[in-house]
Amino acid sequence: MQRFFKSIDFIEQHLYDKISVHEVAAASHYSTYHFSRIFKALVGDTPKEYLRKRRLTVAAKRLLSEDIGLLELALDCQFDSQEAFTRAFKGLFNITPAQYRKQNDPFRLLYKDQFSPHMLHFLQNELSMEPEIITRPAMKLVGIAQQYDSSDLSLPRLWSAFRPYRDKIKNRIGDESFGIYEAYKENGDDISFSYVCSAPVENFDDIPEGMTARELPEQMYAKFIHRGPISNLDQTLKYIWGSWLPKSNYDYIERPDFELYPPGYNVMDPKSEMALHIPIKEK
């Protein structure tokens, strides 16, 4: 986790500078793709969203402690205009900067604790806290790659799009499905990810039109069982990255991680189970 904390320190040191998510990721010595996924799992926001919220939070403090104009403060915090700053401030705090300064109530903007009783119950009772450490052989898979940005990942929607194509895959092995997180594309500070809905195959002969092939090498994984609705997946990931991995005898390595779905998996069923595979190596 020290690598991750270096990125947080980098953000704090450059709150008033124009920085990109790629520079923040570089401070952690992770690739932008893997850093962004870990960051979203741990913090709940993308790096870009977190940076914006930190700037607005600092701006709120300065509104009450400094005699500074709104335009100057907006530009300090890397907003293009006072209007853009005001919209973002009101969107986050439900009050305009001018109203907040007039009310002079610093406790109005306190955040709620992320660790609700519901989350604690989930972590304690619904999650397989200790993973199985396994080594999977190399695998060939065929499926559909879908692009999404870090704030717009809907697994049910992706799998619904894949389902009509699954039976068209020739040389398919078994009835399990693999959801693979992989590369990203950059457009300025915006990052779009690739998620591959796929099924294992014996070979890559006769790949259906519009589908793509992937080959995963032999790899050691920490295999976690996620139980219950897919909507709780972010809590499972937060536990993996924020609790289990830092305390374990393993390091995460930058290779594709994937979800393994059994046949008939139901994203809403509280009794459903699927397996998360996190690529690791011994420390």
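Which residue in S9 does Phe 224 stand opposite?

A: Phe 224 stands opposite Leu 276 in S9. This is a predicted model, in which local features need pLDDT of at least 70, side-chain atom pairs count only at pLDDT 80 or more, and totals for chains, interfaces and linings use all residues. Residues are numbered from 1 along each chain as its sequence is written, and side-chain values use heavy atoms, with hydrogens and water left out.

Strand S9 covers residues 273-282; strands here are DSSP runs of E with at least two residues, numbered from the N terminus. Of its 10 residues, 7 are buried, that is, under 20% relative accessible area with a 1.4 Å probe, protein chains only.

Two strands pair if DSSP finds at least two bridges between them. Strand S6 (residues 219-227) runs antiparallel to S9 and is joined to S9 by 7 bridges. Strand S8 (residues 257-261) also pairs with S9 in the antiparallel sense, over 3 bridges. There, Glu 259 stands opposite Leu 276, the residue that Phe 224 also stands opposite. Strand S7 (residues 250-252) pairs with S9 in the antiparallel sense over 3 bridges, and Tyr 250 has Glu 282 as its bridge partner in S9.

In a regular strand, side chains alternate between the two faces of the sheet.

Tyr 261, in the residue range of S8 (257-261), is buried, as is Tyr 265.

Conventions
Buried means under 20% relative accessible area, exposed over 50%, partly exposed in between (1.4 Å probe, protein chains only). Helices (H or I, at least four residues) and strands (E, at least two) are DSSP runs, numbered from the N terminus.
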